[in-house]
Amino acid sequence: MMQAPATIFLVDDDESVLRGLGRLLRAAGHATKPFASPSEFLAQLPGDTPGCAVLDLRMPGLNGLELQQAMESKDCYLPVIFISGHGDVPASVRAMKAGAVDFLLKPFDEQHLLGAISQALLKDAAARVGRAETAALHARHAVLTSREREVCALVAQGLTNKEVAQRLGTTEKTIKVHRARVIQKLDVDSVAELVRFVDRLGLGRARAV
């Protein structure tokens, strides 16, 4: 499937800044969508639209950092670039620790912003691929029966068929059947690959087999 074009979401309570950013980014070939307040942006969250968000740090109501947290709470994973007219070092540190791509002080170099946006779009594209792969893994795991999931988890922890049978109160022969079905349904070629599968889904800490 072809991915939708990326959009740069701009959130700033200064209308002149929004206009200037919009002109700059459109001239560079980017689609933009401006918002004059965090509440306006949150009311129209872009869902799964590819892109990134450029947020002013200091705004009435929610500030940029609080808006970033609100986005995450609503499962909006757009990479964030902060802009600010104030040299707030603690805020910039918090922003970067929270995963911001960059923190730019106004007036900022236009090429620096464009470079940060390019980096953010690459980050967004990679994250989307990762989420799609994880969703596919979850879909494969979802076809397992409840007993097969138990067997899957225990095998991934390195237990032998005999140990799994003892843990689940059944026979080793039955576990061999379940294990074969797990391998087939998950489309993995070995127990080592099963361990990696379980580990990627965070279904339990698997020890080496």
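## About the model

The model is predicted: local features need pLDDT of at least 70 and side-chain atom pairs count only at pLDDT 80 or more, while totals for chains, interfaces and linings use all residues. Residues are numbered from 1 along each chain as its sequence is written, and side-chain values use heavy atoms, leaving out hydrogens and water.

## A buried glutamine

Let's start with Q68, which sits in helix α3 (residues 64–73). Helices (H or I, at least four residues) and strands (E, at least two) are DSSP runs, numbered from the N terminus. With a relative accessible area of 5%, Q68 is buried. Here buried means under 20% relative accessible area, exposed means over 50%, and partly exposed lies in between, using a 1.4 Å probe and protein chains only.

Who are its partners? Setting aside neighbours within four places in sequence, Q68 is in contact with L55, V80, F82, A95, A98, G99 and A100. Contact means heavy atoms within 4.5 Å.

## An aromatic cluster

A search of the whole structure finds 4 aromatic pairs. Rings of Phe, Tyr and Trp (its six-membered ring) pair if their centres lie within 6.5 Å; planes under 30 degrees apart count as stacked, over 60 as edge-to-face and the rest as tilted. One of the pairs is F9 with F41: their ring centres are 6.2 Å apart and their planes lie at 55 degrees, so this pair is tilted. The pair links distant parts of the chain, with F9 in strand β1 (residues 7–11) and F41 in helix α2 (residues 38–43), 32 residues apart.

F41 also pairs with F35, with ring centres 5.2 Å apart and planes at 70 degrees, so that pair is edge-to-face. F9, F35 and F41 form one aromatic cluster. Both F9 and F41 are buried, and F35 is buried too.

The axes of helix α6 (residues 146–156) and helix α7 (residues 161–168) come within 10 Å and cross at roughly 130 degrees. That makes α6 oblique to α7. Angles under 35 degrees count as roughly parallel, over 145 as roughly antiparallel, 65 to 115 as roughly perpendicular and the rest as oblique. Axes are lines fitted to C-alpha atoms, for helices over the stretch in contact, and angles run from 0 to 180 degrees between N-to-C directions. The contact is made by R147, E150, V151, L154 and V155 of α6 with V164, R167 and L168 of α7.

Further along, α8 (172–186) and α9 (191–201) have axes that come within 11 Å and cross at roughly 65 degrees. Here R179, V182, I183 and L186 in α8 meet V191, L194 and F197 in α9.

Most residues other than glycine have a negative phi, and most peptide bonds are trans. Which residues have a positive phi although they are not glycine? D187 has a phi of about 60 degrees, and phi of D75 is near 60 degrees. D75 lies in the loop between α3 and β4 (80–84) and is exposed, with a relative accessible area of 51%. D187, in the loop between α8 and α9, is exposed as well, at 56% relative accessibility.

The peptide bond from K106 to P107 is cis, with omega near -10 degrees. P107 is placed in the loop between β5 (102–105) and α5 (110–142).
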